[in-house]
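User: I would like to understand how the words used for this structure follow from the values behind them. Could you take me through it step by step?

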Amino acid sequence: MPRHAILVIDMLNDFVGEKAKLRCPGADDIVPNLQKLFKWVRGREDDNVQIVHIQEAHRKNDADFRVRPVHAVKGTWGSDFIKELYPEEDEYIVQKRRHSGFAYTDLDLYLREENIDTVVVTGVWTNVCVRSTASDALYRAYKVITLSDGCASKTPEMHEYGLKDLSLFSKVMTIDEYIDAWEKGIDPWLGGGDRENKVE
């Protein structure tokens, strides 16, 4: 059986909602979709699908702030998870200071300790942190799935071109399609990527 880690990337107060410093407007729309996914995962009897929360947690004078507004400083309200998608105590949390959840973190070590073979990306922004994390997962030889209605970006256009890039090397599918594949005993990743070079 495959073992999947659903990476929930930066669903934090500084990205989601009217008071967010670096607001991703589309993030509000995906909250109910991710709540549905969380409920399904948390209701499973086995642990071959896990939720891993990726939390941007910058230092006060982080180099990232040379090019982007100050946001998600470690220990602040902005860096905390939104209440609708708060981690449960047995779910792993990875703090990051760069776009990718793998950059200078222990995410890869955790996934290998848990014998995870497939990374499933969700969260914000599709074309930035989600894509960077997915790329780094591929570089480390994980299979990658992107849940299209579990990701969002600043604009619909940014989201769509992020998904197009991701479709080159991941399996892009909806949350319902992902759950349905598991319920039917099918590996959701099958058919992933663009082996015939059809993406335009």
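Analyst: Helix α3 (residues 126–139) and helix α4 (residues 156–166) pack at an angle of about 15°, and their axes are 9 Å apart. Here axes are lines fitted to C-alpha atoms, for helices over the stretch in contact, and angles run from 0 to 180 degrees between N-to-C directions. Helices (H or I, at least four residues) and strands (E, at least two) are DSSP runs, numbered from the N terminus. This is a predicted model, in which local features need pLDDT of at least 70 and side-chain atom pairs count only at pLDDT 80 or more, while totals for chains, interfaces and linings use all residues. Residues are numbered from 1 along each chain as its sequence is written, and side-chain values use heavy atoms, with hydrogens and water left out.

User: What makes α3 and α4 roughly parallel to each other?

Analyst: Angles under 35 degrees count as roughly parallel, over 145 as roughly antiparallel, 65 to 115 as roughly perpendicular and the rest as oblique. The angle between α3 and α4 is about 15°, and the two helices are therefore roughly parallel.

User: Which residues make the contact between α3 and α4?

Analyst: With contact meaning heavy atoms within 4.5 Å, α3 contributes Thr-126, Asn-127, Val-130, Arg-131 and Ala-134, and α4 contributes Met-158, His-159, Tyr-161, Gly-162, Leu-163, Asp-165 and Leu-166. These residues divide into six nonpolar, four polar and two charged, where Ala, Val, Leu, Ile, Met, Phe, Trp, Tyr, Cys and Pro count as nonpolar, Asp, Glu, Lys and Arg as charged, and the others, Gly among them, as polar.

User: Why does Glu-88 count as partly exposed?

Analyst: Buried means under 20% relative accessible area, exposed over 50%, and partly exposed in between (1.4 Å probe, protein chains only). Glu-88 has 39% relative accessibility, and therefore counts as partly exposed. Glu-88 is placed in the loop between β2 (49–56) and β3 (92–96).

User: Why is Tyr-104 called exposed?

Analyst: The relative accessible area of Tyr-104 is 83%, so the residue is exposed. Tyr-104 belongs to the loop between β3 and α2 (107–113), and its phi is near 60°, a positive value in a residue other than glycine.

User: How do you know whether Ala-141 is buried or exposed?

Analyst: Ala-141 has 67% relative accessibility, and so it counts as exposed. Ala-141 lies in the loop between α3 and β5 (143–152), and phi of Ala-141, near 75°, is also positive in a residue other than glycine.
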